[in-house]
Amino acid sequence: MAKINLLPWRAERRKQREREFQTMLGGALIMGLLAVGVAIFHWDGLKEDQNNRNQLLEREITALDAKIKEIEALQATREQLLQRKQIIEQLQSSRTQMVHMFDELVRTLPDGVRLTSLKQSADSIEIEGMTQSWARAAQYVRNLEKSEWIRKPDVKIIDSTTPDKAARYRFSLTANLRKSEDEKADAVEGDADLANPGAQVGGAP
């Protein structure tokens with residue numbers, strides 16, 4: 001019976017398998033490196049996109065901050081303009097108020113009474129003066145009580161000063177001034193009365 005030596009074939013088969021294994025291992029290594037490279041490239045792209053978005057957000061935030069500052073400056077300017085408007089309106093109303101006040105002070109002042117000091121604070125006034133007698137001071141207070149522009153006079157001091165008959169007593173009183181809103185309300189009421197004259201005579205046509 002003939003004998004066949006299989007050792008060279010087996011060794012060759014073993015070497016072939018080793019080459020195939022090394023080839024597969026090298027391919028796997030290359031595929032792994034490619035996968036890692038692709039992953040790194042992908043993450044770098046994501047990182048760059050996120051950085052771009054962050055920069056865009058920062059620019060938008062900076063622009064919004066600038067707009068907010070502009071709005072705040074405009075609001076501050078608006079508040080200043082409103083304050084100036086209110087001051088102008090107060091000056092205009094107080095100008096009318098002062099004209100009526102001085103007119104009433106002169107009109108209600110009786111003989112034998114003279115004023116020495118006048119102080120105004122908002123819608124109230126403090127009046128100081130000299131009078132010949134208590135009766136004349138009392139008459140002045142009664143006149144102020146009938147005034148349309150000076151209301152609720154309140155006497156603080158009436159005392160004797162000098163034997164001078166022209167200025168024997170010193171007096172001090174406070175009163176309230178009629179507000180411009182009251183003047184406007186009276187004007188509206190007056191216009192309504194003019195528009196409906198029958199209401200003034202008991203509703204007669």
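These numbered points describe the fold, core, side-chain pairs and surface of a predicted model.

1. Basis. The model is predicted, so local features need pLDDT of at least 70 and side-chain atom pairs count only at pLDDT 80 or more, while totals for chains, interfaces and linings use all residues. Residues are numbered from 1 along each chain as its sequence is written, and side-chain values use heavy atoms, with hydrogens and water left out.

2. Overall fold. The chain has three helices and four strands; these are DSSP runs numbered from the N terminus, helices being H or I with at least four residues and strands E with at least two. In sequence order the pattern is α-β-β-α-β-β-α. Contact means heavy atoms within 4.5 Å. Of the contacts between residues at least 6 apart in sequence, 57% join residues at least 24 apart.

3. Burial and surface. Of the 205 residues of the chain, 15% are buried. Here buried means under 20% relative accessible area, exposed means over 50%, and partly exposed lies in between (1.4 Å probe, protein chains only). The chain exposes about 16,200 Å², with carbon and sulfur atoms supplying 58% of that area. Accessible areas come from the Shrake-Rupley method with a 1.4 Å probe, and for residues only the protein chains shown count as cover.

4. Nonpolar core. A nonpolar core is a set of buried Ala, Val, Leu, Ile, Met, Phe, Trp, Tyr and Cys residues joined through side-chain atoms within 4.5 Å. The largest one has 13 residues, and those with the most contacts inside it are Met101, Leu105, Ile125, Ile127, Tyr140, Ile150 and Leu173. Elements giving two or more residues to this core are H1, strand E2 (124-131), H2 and E4. E4 gives the most, with four residues. Apart from neighbours within four places in sequence, Met101 contacts Leu118, Ile125, Ile150 and Leu177.

5. Aromatic pairs. Rings of Phe, Tyr and Trp (its six-membered ring) pair if their centres lie within 6.5 Å; planes under 30 degrees apart count as stacked, over 60 as edge-to-face and the rest as tilted. By this rule there are two aromatic pairs. Trp134 and Tyr169 have ring centres 5.9 Å apart and planes at 85°, so this pair is edge-to-face. The pair links distant parts of the chain, with Trp134 in helix H2 (residues 134-145) and Tyr169 in strand E4 (residues 169-177), 35 residues apart. Tyr169 is buried, at a relative accessible area of 19%. Tyr140 and Phe171 also form an edge-to-face pair, with 6.1 Å centre to centre and 65° between the planes. That pair again links distant parts of the chain: Tyr140 lies in helix H2 and Phe171 in strand E4, 31 residues apart. Both Tyr140 and Phe171 are buried.

6. Leu115 and its surroundings. Leu115 is in strand E1 (residues 113-121) and, at 31% relative accessibility, counts as partly exposed. Not counting residues up to four places away in sequence, Leu115 touches Leu105, Leu109, Ile127, Glu128, Gly129, Tyr140 and Phe171. Leu115 and Ser172 are 57 residues apart in sequence, and their C-alpha atoms are 9.6 Å apart in space.

7. Salt bridges. A salt bridge is a side-chain nitrogen of Lys or Arg within 4 Å of a carboxyl oxygen of Asp or Glu. There are two salt bridges by this rule. Arg107 and Glu104 meet at 2.7 Å, N to O. Because they are three residues apart in helix H1, Arg107 and Glu104 are separated by about one helical turn. Arg107 is exposed, at 53% relative accessible area, whereas Glu104 is buried, at 6%. Glu79 pairs with Arg78, the closest N and O atoms being 3.7 Å apart. Glu79 counts as partly exposed, at 40% relative accessibility.

8. Nonpolar patch. Ile30, Met31 and Leu34 make a nonpolar surface patch of about 330 Å². Patches are made of residues with over 30% relative accessible area and no salt bridge; like charges are joined within 9 Å and nonpolar side chains (Val, Leu, Ile, Met, Phe, Trp, Tyr) within 5 Å. Ile30 lies in helix H1 (residues 7-108).
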